[in-house]
Amino acid sequence: MNNSKFTEIDEEFICENCGKKVNKLGYSCRNHCPYCLHSKHLDKNPGDRAEKCHGILEPIGLETNSKKGYIIVFKCKKCGEIRKNKVAKDDEMNKIIELSSKINKQEY
């Protein structure tokens with residue numbers, strides 16, 4: 001079943017947070033850096049590149065979802081908007097553990 005609000009874009013990029021080259025994911029859309037878990041605020045709907053903000057999305061929390069597994073919660077450093085995305089298979093596990101162990105005193 002295709003979601004008309006989802007545009008699949010799987011491309012390489014240089015992470016604006018840590019500077020590392022990020023390869024294509026290969027099985028879905030690459031959304032965030034697997035090394036530092038940061039992302040960029042580019043989309044209003046997945047893959048549409050319609051967001052004008054272009055701020056850095058900082059990982060601030062981790063949620064679990066019975067269908068999707070672990071979900072990273074991001075907060076845009078520029079506009080403050082909250083975004084969420086699934087953990088990728090090649091994400092740095094130490095960063096995921098670190099994120100899951102944070103005591104988050106802020107509401108997102």
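This is a short chat about a predicted model of one protein chain.

Visitor: What's the basic make-up, helices and strands?
Guide: The chain has 1 helix and 6 strands.

Visitor: In what pattern along the sequence?

Visitor: How much of the chain is buried?
Guide: Of its 108 residues, 30% count as buried. The chain exposes about 7400 Å². Carbon and sulfur atoms supply 46% of that area.

Visitor: And what share of the contacts join residues at least 24 apart?
Guide: The share is 35%, taken among contacts between residues at least 6 apart in sequence.

Visitor: On to the sheet. What's the strand order?
Guide: The order is 3-4-5-6, in an open sheet of 4 strands with antiparallel pairing.

Visitor: Which strands stand at the edges?
Guide: Strand 3 (39–40) and strand 6 (82–86) do. Each has a single partner strand, so one side of each has no neighbour in the sheet.

Visitor: How many bridges between strand 3 and strand 4?
Guide: There are 2, with strand 4 covering residues 56–65. Ser-39 has Leu-57 as its bridge partner in strand 4.

Visitor: What does Leu-57 stand opposite in strand 5?
Guide: Cys-76. Strand 4 and strand 5 run antiparallel and are joined by 8 bridges. The hairpin between them passes through 3 residues.

Visitor: How many bridges for strand 5 and strand 6?
Guide: That antiparallel pair has 5 bridges. Ile-72 stands opposite Asn-85 of strand 6 there.

Visitor: Which residue takes a positive phi in that hairpin?
Guide: Gly-80, with phi near 85°. The hairpin has 5 residues between the strands.

Visitor: Where does helix 1 lie?
Guide: Helix 1 (residues 93–101) lies across strand 4 and strand 5 (69–76). It runs at about 80° to strand 4.

Visitor: Let's do some single residues. Where is His-41?
Guide: His-41 sits in the loop between strand 3 and strand 4.

Visitor: Buried or exposed?
Guide: His-41 is buried, because its relative accessible area is 1% and the cut-off for buried is under 20%.

Visitor: What does His-41 touch?
Guide: Leaving out residues up to four places away in sequence, His-41 touches Glu-51, Cys-53, His-54, Gly-55, Leu-57, Cys-76, Cys-79, Glu-81 and Arg-83.

Visitor: How far apart are Asp-91 and Cys-33?
Guide: They are 58 residues apart in sequence. In space they are 7.6 Å apart, C-alpha to C-alpha.

Visitor: Which residues does Asp-91 touch?
Guide: Again leaving out residues up to four places away, Asp-91 touches His-32, Cys-33, Pro-34, Leu-37, Ile-72 and Ile-96.

Visitor: Pockets, then. What volume does the largest pocket have?
Guide: Its volume is about 1100 Å³.

Visitor: How many residues line it, and which lie nearest its centre?
Guide: The lining has 41 residues. Nearest the centre are Asn-31, Asp-43, Pro-46, Lys-84 and Asn-85.

Visitor: Which elements give two or more residues to that lining?
Guide: Strand 1 (13–14), strand 3, strand 4, strand 5 and strand 6 do.

Visitor: Which one gives the most?
Guide: Strand 6, with 4 residues. Strand 6 is also one of the edge strands of the sheet.

Terms used:
Residues are numbered from 1 along each chain as its sequence is written. This is a predicted model: local features need pLDDT of at least 70, side-chain atom pairs count only at pLDDT 80 or more; totals for chains, interfaces and linings use all residues. Side-chain values use heavy atoms; hydrogens and water are left out. Buried means under 20% relative accessible area, exposed over 50%, partly exposed in between (1.4 Å probe, protein chains only). Contact means heavy atoms within 4.5 Å. Accessible areas come from the Shrake-Rupley method with a 1.4 Å probe; for residues, only the protein chains shown count as cover. Two strands pair if DSSP finds at least two bridges between them. Axes are lines fitted to C-alpha atoms, for helices over the stretch in contact, and angles run from 0 to 180 degrees between N-to-C directions. On a 1 Å grid over the protein atoms alone, a cavity is a set of points where a 1.4 Å probe fits but cannot get out, and a pocket is an open set with protein on both sides within 12 Å along at least five of seven lines; lining residues have an atom within 4 Å of a point. Grid points are joined across faces, edges and corners, and a volume is the space filled by probe spheres set on the points.
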